[in-house]
Amino acid sequence: SAFLLNRSSDLPMAVMPMKRISIYALKNRRKQILELIQRRGVVEIDDRKADETVFAKMDTVPAKSRFENNAAALQSALDALDKLEPPEKSLFASLNGRDAIPLSKYQETADGAGELLKIASRINTLWKKCADNRAEILRLQTQIRALEPWMKLDISMRTISTPTTSVFTGSFPVEYTEETLRAKIAEGAPDVDGVVVEILSASPQQTCAFLMCHISQGLKLETYLRSIGFTYPAEPSKVPPAERVDILNGRIAALQKEIDENEAEIRTHKNRREDLLYTIDYFTMRTEKYDVLGRLWQSPHVFLITGYIPAENAEALKTELTTTQEAYVELCDPSDADDVPVKLKNNKFAAPVEGVLESYSMPGKHEIDPSGIMAVFYYFLFGMMLSDAGYGLVMVLGCGIILHKFKNMEEGLRKTLTMFLYCGISTIFWGILFGSFFGDAITVIAKTFFNTDIVIPPLWFTPVDEPMRLLLFSFLVGIIHLFAGLGAQFYQLAKQGKWLDAIYDVVFWYLLVGGAIIYLLSMQMFADMVALSFTLPASVGTAGIIAAGIGAVGIVLTSGRSSKSIGKRFLKGLYGLYGVSSYLSDILSYSRLLALGLATGVIASVFNQMGAMPGNNPLGVIIFIFAFVVGHTLNIGINVLGAYVHTNRLQFVEFFGKFFEGGGRKFAPFTTKTKYFKITEEK
């Protein structure tokens, strides 16, 4: 073991070793050096303190804000153009990734940025005017709807009197006819006579009416009308309502014409869409560069860049900077006090699960990257939970076709689909072992439509028929998984030279848990309880209980070793021994392998039986196909999600709980964080 640990530094490391880098150069080289580092994307720039009597930082906030505003203006113009002239995109456009453009195109974009900003400004102005006009049209249409109940009125709504009459134009909160309103006035205001009533419109909620009486009786009539809910219009028209509506419709037509003209002018720029995309990315890169520029220490003639770089890239970048940019570069190993970022590097088998690991946490200091061992268990557990060869085949074909067809896919998405591809292969494996292919679809189809008995026998056993067997196997898988986590902890401690800690915190637990399991397997009562077909010899059980005792004593004596008081050590040791209960709960957690494995097969079989119920006839075939497609689509969706969630849970809680704390910071290099294109350099 010691030999292997000593040789480990010569092996490819999953957590890439880092170097501290310091770059000194003349300020007239600043632009070229920053752009070179940005394109290489291998340096994370930090804000390490410098001698403030020599160096200072420049204020780049105004320039950075200007570039951000430029990018936002271009994006707004692009959004407006896309709404009027949507780009042609396939259903799987999101899988295409960003197109690569040469570095020379970047310079062309910089030269044409001013013109594109003018175009964007014009588009945004026109689009804002269109938005304002649409809002005004809505306001005018609201006015027209408010005038519709008054369309029969042929005089101004503001008319209140003539030399001899009083005029009332308003509404009541209930429905009236001319007869009922006249009768109500006659009954409620008998001393008012000669009232003219005209109903303009009526509905259960409102009656619009025109009333007129002699001017001498106007006050009495108005008083009574108000007592029964009469109100004047909120915005009475100066002209007759029909004439007002014509005026408003004319204004709407003029506004719509202006909208059409503005939209037509915006459409004339549809051939500049790609230039807008280029320029958005150009200003995004400028923003990133000026953000970094504001963090650099500079003197009147020299500037300084400090940060971290992966060791494998350090010498190449140093050579390039010194030979092409006349910079002075220092490389050194980080100190223990440095907050060193973490970058993972794994083979094609383990790299797909890096995203799952990152969603939990990056490895902390002195911790290994668990991606390799995690990948083995991840694919194994996922496949065991889904455990249907048909579903696995769907996953493999779907992910495989997408990965093959879309070569330019973003790396993160490619890793995720590759992970599900491997999970699909594992699912096929377990489906064959358990004899499940879309549940019992082949058996049901053969019996229902061909009157033939075809049964695909499992290579191992059928979980529905022997659930206890699968449960015991799930516990065995859990024990192996947990012991692998303890093994990773032993490796981490031993690599740091903490051999005693490795014995205290790992070996004693191996003895206790492993010895207790061996002892249980030697007991006939336990074998009968869990339906085991064998028991270990009594001598082996005795050895197991002795090992467990040694482990228990060791845990009690060493768990509290950090305390100086003997009493505290003993109490902490007892508390540490109590941790054995967590192992029991952890092992029981793996019963979810049984639950999800059974659920997939049982639900699949239910859908098959439901589809076969109409029998062997044309309608029955159609119903079976429909039930098969819909049912299995739902089942694979739900159970793939369930397998993903519970596999993550077993990794994060049970497995990581034995050795992994995390807390590391992901490597965040200064690079071209573009949205639409990837910058490449001509060779």
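Predicted model: local features only at pLDDT ≥ 70, side-chain atom pairs only at ≥ 80, totals over all residues.
## Helix 3 and what covers it

Contact here means heavy atoms within 4.5 Å. What covers the buried residues of helix 3 includes helix 4, helix 7 (241–267) and helix 8 (273–293). The buried residues themselves are Ala63, Phe67, Asn70, Ala71, Leu74, Gln75, Ala77, Leu78, Ala80, Leu81 and Leu84. As a general point, an α-helix has 3.6 residues a turn, so residues three or four places apart point the same way.

Helix 3 itself covers residues 61–84. From its first C-alpha to its last, this helix of 24 residues reaches 35 Å, close to the 34 Å expected at 1.5 Å a residue.

## Helix 3 against helix 4

How do helix 3 and helix 4 pack, and at what angle? Their axes are 9 Å apart, and the angle between helix 3 and helix 4 (residues 103–147) is about 55 degrees. That angle makes helix 3 oblique to helix 4. The crossing of the two is left-handed.

On the helix 3 side, the residues that meet helix 4 are Asn70, Ala73, Leu74, Ser76, Ala77, Ala80, Lys83 and Leu84. Helix 4 brings Leu116, Leu117, Ala120, Ile123, Asn124 and Trp127 to the meeting. Sorted by class, the residues of this contact are 10 nonpolar, 3 polar and 1 charged. Asn70, Leu74, Ala77, Ala80 and Leu84 are among those that meet helix 4, and these five are also buried.

## Helix 4 against helix 7

Helix 4 also packs with helix 7, at an angle of about 160 degrees and with axes 9 Å apart. Helix 4 and helix 7 are therefore roughly antiparallel to each other. Here too the crossing is left-handed. The contact of helix 4 with helix 7 has 15 nonpolar, 6 polar and 10 charged residues.

## Two positive phi values

In general, most residues other than glycine have a negative phi. Phe438 has a phi near 50 degrees, a positive value in a residue other than glycine. For Asn451, phi is likewise positive and near 50 degrees, again in a residue other than glycine.

Asn451 sits in the loop between helix 14 and helix 15 (467–495), and its 65% relative accessibility makes it count as exposed.

Ala202 is a residue of strand 5 (residues 196–203). With a relative accessibility of 42%, Ala202 counts as partly exposed. Setting aside residues up to four places away in sequence, Ala202 touches Glu175, Tyr176 and Thr207. Ala202 and Phe438 are 236 residues apart along the chain, and their C-alpha atoms are separated by 65 Å.

Ser299 belongs to the loop between strand 7 (297–298) and strand 8 (302–310). Which residues does Ser299 contact, leaving aside its neighbours within four places in sequence? They are Lys27, Val54 and Phe55. The relative accessible area of Ser299 is 12%, and the cut-off for buried is under 20%, so Ser299 is buried.

How values were computed
Residues numbered from 1 in each chain as written. Heavy atoms only, no water. Axes fitted to C-alpha atoms, helices over the stretch in contact; angles between N-to-C directions. Helix = DSSP H or I, 4+ residues; strand = E, 2+ residues; numbered from the N terminus. Parallel < 35°, antiparallel > 145°, perpendicular 65-115°, else oblique. Left-handed = near helix turned anticlockwise from the far one by under 90°. Nonpolar A, V, L, I, M, F, W, Y, C, P; charged D, E, K, R; others polar. Expected span 1.5 Å × (residues − 1). Buried < 20%, exposed > 50% of the residue type's maximum accessible area, 1.4 Å probe, protein only.
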